[in-house]
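The following questions and answers concern the structure shown below. Please read each answer alongside the model.

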Amino acid sequence: MSGHSKWHTIKHKKGALDAKRGKITTRLVKELTVAARVGGGDPAANPRLRKAIADAKAENIPNDTIERAIKRGTGEIEGAAYEEIIYEGYGPAGVAVLLEAATDNRNRTVSELRHLFSKNGGNLGETGSVSWLFDPKGVITLEKDVKSEEELFEIAVGAGAEDLRDLGEYWEIQTQPEAFDAVLAALKAAGVPTVSADITRVPKTFVRLEGKDAQQMLKLYDALDDHDDVQKISTNFEIDDAEFDRLK
């Protein structure tokens, strides 16, 4: 089980997101605000905002909530001024952990994250300590029965994707970030639904975990994922399916 692939899909299985709906809403509203602040409030000219709006609508976030978040980002209305920060650290057995956060209080966030790392067998690192272990990629996950491998390969690679991978229960398409929108549009035009689609950070190497290290890493991941300021988590751990089922 890879930190960037099967772990990603397990988190998106049907019903798995319902338990954290409040967290999902908070995360998406922050992303709307930050995207508007960084690239402007016009989704036609701001791909990041366009995707954030689509993600918010997919989670049934009301239009007025979306509009207020965008206006906070552009400064049209008052609200929290979020800044984006990358935090880097290590989990058990030297697992690389890279966090993308949005916070209105940098000192509070770094203090809380340092505590979560140390409590769960890891430590917060310096800037640049693990980021070199990851490549930015577009990652699109699909249910296994949406199309045949040949059909998906033709659609995805024809639109600029790099790879189509078999994850057992799912297909995973990887793209360069600049090709992500085109591949996603091609899938939509072909009537192919997605389980998840995001520009993320894919590890170059992996650390295989078992036993206590695996258990601690899963606890660390969950603790970081529950933090209100953490938007995305990238890691390079692997856990065998049987071990994962035993621990969870």
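Q: Which residues touch the most other members of the largest nonpolar core?
A: This is a predicted model, in which local features need pLDDT of at least 70, side-chain atom pairs count only at pLDDT 80 or more, and totals for chains, interfaces and linings use all residues. Residues are numbered from 1 along each chain as its sequence is written, and side-chain values use heavy atoms, without hydrogens or water. A nonpolar core is a set of buried (under 20% relative accessible area, 1.4 Å probe, protein chains only) Ala, Val, Leu, Ile, Met, Phe, Trp, Tyr and Cys residues joined through side-chain atoms within 4.5 Å. Among the 24 residues of the largest one, those with the most such partners are Val-97, Leu-99, Leu-224 and Phe-237.

Q: Which element gives the largest share of this core?
A: Helices (H or I, at least four residues) and strands (E, at least two) are DSSP runs, numbered from the N terminus. Elements giving two or more residues to the core include β1 (83-90), β2 (96-103) and α5 (106-119). The largest share, 7 residues, belongs to α8.

Q: Why is the pair of Tyr-221 and Phe-237 classed as it is?
A: Rings of Phe, Tyr and Trp (its six-membered ring) pair if their centres lie within 6.5 Å, with planes under 30 degrees apart stacked, over 60 edge-to-face and the rest tilted. The count comes to 1 aromatic pair. Because the ring centres of Tyr-221 and Phe-237 are 6.4 Å apart and their planes stand at 75°, the pair is edge-to-face.

Q: Is Phe-237 buried or exposed?
A: The relative accessibility of Phe-237 is 0%. Phe-237 therefore counts as buried.

Notes: Buried means under 20% relative accessible area, exposed over 50%, partly exposed in between (1.4 Å probe, protein chains only).
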